[in-house]
Amino acid sequence: MSFEHIVFEINEQIAVITVNRPKALNALNSATIRELGQAVEQLAHNTQVRALIITGAGEKAFVAGADISEVNSIESSLQGSQMSEALHDVLWKLGELPQVTIAAINGFALGGGFELALGCDIRIASEQAQVGLPEVGLGLVPGWGGALRVQRLAGTGVAKYLVLTGERIPASEAQRLGLIEKIVPASELLDEAHKLATKVAKNAPLATALAKRLINRGAEMSLRDAIAYENGLFGQLCVTEDVKEGTSAFLEKRAAKWQGK
Ligand code: CAA
């Protein structure tokens with residue numbers, strides 16, 4: 001499948017999606033969102049790939065949000081809601097992928113760009129990256145889950161501060177607030193993302209996929225229900241070939257060879 005607005009590469013266990021509209025600071029128009037969805041769907045069926053890195057082309061921006069000229073041409077609330085649903089659909093799919101998703105934030109991650117990063121499992125950023133949810137300055141609310149995911153990651157106060165001021169904050173401040181996990185110099189960002197992806201790929205595939213699912217689904221449950229869910233997954237994993245292999249490898253002081261079952 002060939003793409004016009006993204007670059008989609010797979011190298012053994014690691015996939016990389018680069019949003020590739022640098023002249024528009026990688027803003028997400030509907031064609032780009034469609035391509036993102038198609039790439040993510042391909043990965044859902046790929047058992048070899050263990051991690052997905054998402055980044056932006058060029059040095060300036062990860063993604064500067066929804067394409068504002070497209071928003072400007074919306075003519076009905078139905079059309080607006082459909083635009084919102086389109087990336088939500090991609091973000092839900094990212095959340096359900098067995099692969100670990102890593103946003104490598106190489107510059108501005110604003111509005112929908114920050115929302116795309118927030119839909120990933122891990123966020124790393126270059127030192128000069130900035131994030132923010134400036135939608136109210138355009139007359140909108142964040143339409144791709146940004147307010148709500150920031151609220152869950154960093155609390156209601158931080159969500160209200162970012163959304164109501166629309167302020168852009170540096171990566172260092174976002175890291176302090178728990179919105180970014182790691183910051184590295186720009187020249188090291190993609191290497192660092194690959195290192196993280198390689199680290200992930202060393203662990204058991206099924207356990208990794210279920211750990212991600214536990215955290216994602218658990219976040220929507222009461223602690224008691226989430227622990228019951230954890231209990232079931234733990235039991236399920238205890239009788240897999242991978243747990244026999246992982247524990248035997250530990251006892252025999254050798255590297256494990258995973259089968260993903
Ligand atoms: N949509 C469409 N085009 C965009 C864009 C966007 N979100 N962001 C930047 N561009 C375009 C600019 O129009 C400009 O194009 P031209 O060269 O053709 O004029 C080009 O990218 C470069 O941008 P700037 O000249 O503005 O670059 P700058 O360095 O002066 O500023 C910036 C950089 C601060 C990121 C600024 O571009 C900016 O504020 N962009 C918009 C950020 C924003 O408001 N994002 C939220 C979008 S709404 C949203 O995401 C809704 C949602 O939740 C679903």
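Helix α9 spans residues 205–218 in this predicted model. Its 14 residues reach 19 Å from the first C-alpha to the last, close to the 20 Å expected at 1.5 Å a residue. Which residues of α9 are buried? They are Thr208, Ala209, Leu210, Lys212 and Gly218. The cover over these buried residues includes α3 (77–96), β5 (100–105), α8 (189–201) and α10 (223–238).

Let us take Ile17 as an example. Neighbours within four places in sequence aside, Ile17 contacts Ile6, Val7, Phe8, Leu36, Ala39, Val40, Leu52, Ile53, Ile54 and Thr55.

I now consider the loop between β8 (130–132) and α5 (146–154), where Leu138 lies. Gly145 has its place in the loop between β8 and α5 as well. Is Leu138 buried or exposed? Leu138 counts as exposed, because its relative accessibility is 52%. Gly145, by contrast, counts as buried because its relative accessibility is 11%.

Together with Ile68 and Leu140, Leu138 makes a nonpolar surface patch of about 270 Å².

As for Gly145, its contacts beyond four places in sequence are His88 and Glu115. Gly145 and His88 stand 57 residues apart in sequence, yet their C-alpha atoms are 7.5 Å apart in space.

Key
Residues are numbered from 1 along each chain as its sequence is written. This is a predicted model: local features need pLDDT of at least 70, side-chain atom pairs count only at pLDDT 80 or more; totals for chains, interfaces and linings use all residues. Side-chain values use heavy atoms; hydrogens and water are left out. Patches are made of residues with over 30% relative accessible area and no salt bridge: like charges are joined within 9 Å, nonpolar side chains (Val, Leu, Ile, Met, Phe, Trp, Tyr) within 5 Å. Accessible areas come from the Shrake-Rupley method with a 1.4 Å probe; for residues, only the protein chains shown count as cover. A salt bridge is a side-chain nitrogen of Lys or Arg within 4 Å of a carboxyl oxygen of Asp or Glu. Helices (H or I, at least four residues) and strands (E, at least two) are DSSP runs, numbered from the N terminus. Buried means under 20% relative accessible area, exposed over 50%, partly exposed in between (1.4 Å probe, protein chains only). The expected span of a helix is 1.5 Å times one less than its number of residues. Contact means heavy atoms within 4.5 Å.
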